[in-house]
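Please look over the sequence and the 3D structure shown here. The text that follows goes through parts of the chain one after another.

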Amino acid sequence: MTRTDDADERPAPTALQISAIKRRAAMLSVMATILLTAAKVVAAIISGSLALLTDALQGLVDIGSTLFTWFAVHAADKPADEEHHYGHGKLEALAALVETAILFTLAGAILWEAGSRLWQGIAEYVAVTPVVIGVMLLSMTVDALRWRSLSRVAKETGSEALAGEATHFSADFVGSALVLAGLIGVWAGAPRADTIAAFAIAAFTAFSAFRLARRTINTLMDAAPEGVGERLNKIAAAVPGIVAVDWIRVRPAGGRTYGEIGIRVSRTLPLDRVVAIKQSLLDAVEQEEPGAEITITANPIQVDDETALEKVLLIALKLKIPVHHVTVHTIGGRLSVSLDMEVDAKLPLGEAHDIATRLEAAIRDEFGGETEVETHIEPMETGAPAGHNAAWETVEDIGKALAGEASKLGGPIHDIHSVRVRQTENGLVVNYHCRVDPALDVAAVHAAVDAIERAVRIARPRVCRLVSHAEPARMATTPDPLPGL
């Protein structure tokens with residue numbers, strides 16, 4: 001679904017902006033609580049209402065809890081350091097836990113006093129005046145505004161402490177409504193209505209504290225946010241290159257989501273491809289969970305469609321042994337592997353044979369001890385021998401020889417060009433380009449090129465290496481007519 005409202009088109013706030021929003025909301029809550037609690041205390045003294053006094057005492061607790069919330073929000077935004085690698089976000093959860101304990105204590109004290117008055121039949125006198133009614137209406141209005149604004153800020157910033165405050169003030173709103181109902185009951189001739197209202201306030205406060213405690217404890221116990229794991233699993237499964245998802249571990253802290261995702265990828269993939277797959281997953285996660293800090297672990301595995309050739313090349317790559325001309329056959333029900341292995345040209349044969357033996361053993365471990373493995377050891381030039389461009393006569397001679405052999409074979413190779421000849425201490429190194437029918441398969445082209453190069457090297461022993469680059473032949477085009485015709 002496409003979002004078109006202006007709020008969604010605005011860029012996401014930065015970490016500093018989020019921190020400022022949370023601190024401003026917490027400070028406004030502190031100021032509102034102080035003013036409202038003072039008004040309730042005055043109204044409780046004037047009226048003598050137990051329910052209103054209970055609400056005022058809860059307001060005193062609110063002052064302490066909002067101050068603690070402000071401190072926790074301020075401290076939780078401190079960056080990670082050497083002792084707190086994941087930052088200080090859980091201070092918000094601790095603030096919510098302290099507030100929960102205060103609410104439970106207050107609810108217990110109110111229940112005790114209200115229960116004593118209700119069951120012992122203590123006479124009570126409550127003066128219901130316009131001032132008292134006005135204070136309660138003001139309290140309900142302020143609590144409703146704080147409840148709404150703190151809920152909105154908590155949702156925008158992911159702040160657990162502000163979410164706890166919003167829950168707290170929702171309880172305050174209900175409490176004020178119950179106080180008002182008790183006062184109206186007293187005014188209507190039910191003297192115990194005030195005590196019953198205090199009892200209801202305590203019960204609702206305890207219920208709100210229980211809900212807050214459950215959410216806070218889940219955060220402190222690193223419980224996964226509801227639905228996040230399922231969404232991330234679906235995202236990871238849709239990223240190309242991921243074979244399977246091994247695990248997803250997420251936890252909330254300070255309004256952010258931290259976690260780890262373990263994925264499986266084919267062990268034949270090069271490192272840069274694995275890095276690209278991980279980055280694609282991180283980008284997809286960022287779209288679903290903005291600001292989440294996720295670590296991706298990629299585990300290489302053998303996939304079902306991995307060929308024997310891929311397995312051999314992977315074994316050689318892990319052992320850092322260059323190989324080429326790898327052939328894999330099944331002969332009489334037994335696998336046969338042959339390959340050319342390159343080692344330093346100056347390496348003693350004994351050491352080179354040990355390397356070959358190690359490679360053969362690794363291949364047999366992969367396919368089984370009965371596998372037949374044959375290795376051909378070839379010298380590899382590891383240095384960079386000095387050289388220089390050969391004389392023009394030499395270049396022309398070899399160029400003509402290449403073109404002549406291509407013509408003699410009558411094969412697909414033609415248009416020999418870009419011939420370069422370098423004189424080195426080991427002999428002549430020749431590089432050239434040629435053109436071939438683009439529909440011809442690679443094996444046929446390679447065979448034709450090999451035939452030309454063998455003939456040239458036999459006729460000119462000074463040539464130690466020939467490197468060809470086959471290009472698709474250009475398609476014939478009809479020439480444009482001459483101007484004026």
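**A helix and its cover**

The buried residues of helix α10 are covered by elements that include β4, β5 and α11 (349–367). Contact here means heavy atoms within 4.5 Å. Helices (H or I, at least four residues) and strands (E, at least two) are DSSP runs, numbered from the N terminus. The model is a predicted one, in which local features need pLDDT of at least 70 and side-chain atom pairs count only at pLDDT 80 or more, while totals for chains, interfaces and linings use all residues. Residues are numbered from 1 along each chain as its sequence is written, and side-chain values use heavy atoms, with hydrogens and water left out.

Which residues of α10 are buried? In this helix, residues 308–318, they are Lys-311, Val-312, Leu-314, Ile-315 and Ala-316. Buried means under 20% relative accessible area, exposed over 50%, and partly exposed in between (1.4 Å probe, protein chains only). Just after α10, Lys-320 has a positive phi of about 60°.

Helix α11 contains Arg-358. Arg-358 counts as partly exposed because its relative accessibility is 43%. Between Arg-358 and Leu-319 there are 8.7 Å in space, C-alpha to C-alpha, although the two are 39 residues apart in sequence.

Strands β4 (residues 323–331) and β5 (residues 334–344) run antiparallel and are joined by 7 bridges. Two strands pair if DSSP finds at least two bridges between them. One of the residues with a bridge partner is Thr-327, whose partner in β5 is Ser-338. The hairpin of β4 and β5 has 2 residues between the strands, and Gly-332 in this hairpin takes a positive phi near 60°.

**An enclosed strand**

Next comes strand β9. Of the 10 residues of β9 (residues 427–436), 9 are buried, so the strand is largely enclosed by the rest of the structure. Strand β8 (residues 414–424) runs antiparallel to β9, with 7 bridges between them. β8 and β9 form a hairpin with 2 residues between them, and Thr-424 stands opposite Gly-427 in β9. β9 is also joined to β10, by 9 bridges, and these two strands run parallel. Arg-435 has Glu-471 in β10 as its bridge partner.

**A pocket between two domains**

Where does the second largest pocket lie? Domain 3 (308–380) and domain 4 (387–472) both give residues to its lining, so the pocket lies between them. The domain bounds come from an automatic or database domain assignment. The volume of the second largest pocket is about 920 Å³. Of its 24 lining residues, Arg-457, Cys-464, Arg-465, Leu-466 and Val-467 are the closest to its centre. On a 1 Å grid over the protein atoms alone, a pocket is an open set of points where a 1.4 Å probe fits, with protein on both sides within 12 Å along at least five of seven lines; lining residues have an atom within 4 Å of a point.

At least two lining residues each come from β4, β6 (372–380), α13 (442–459) and β10 (463–472). α13 gives the most, with 7 residues. The lining divides into 10 nonpolar, 6 polar and 8 charged residues.

**The whole chain**

The chain has 13 helices and 10 strands. Of its 485 residues, 39% count as buried. Among contacts between residues at least 6 apart in sequence, 69% join residues at least 24 apart.

Note on methods:
Grid points are joined across faces, edges and corners, and a volume is the space filled by probe spheres set on the points. Ala, Val, Leu, Ile, Met, Phe, Trp, Tyr, Cys and Pro count as nonpolar, Asp, Glu, Lys and Arg as charged, and the others, Gly among them, as polar.
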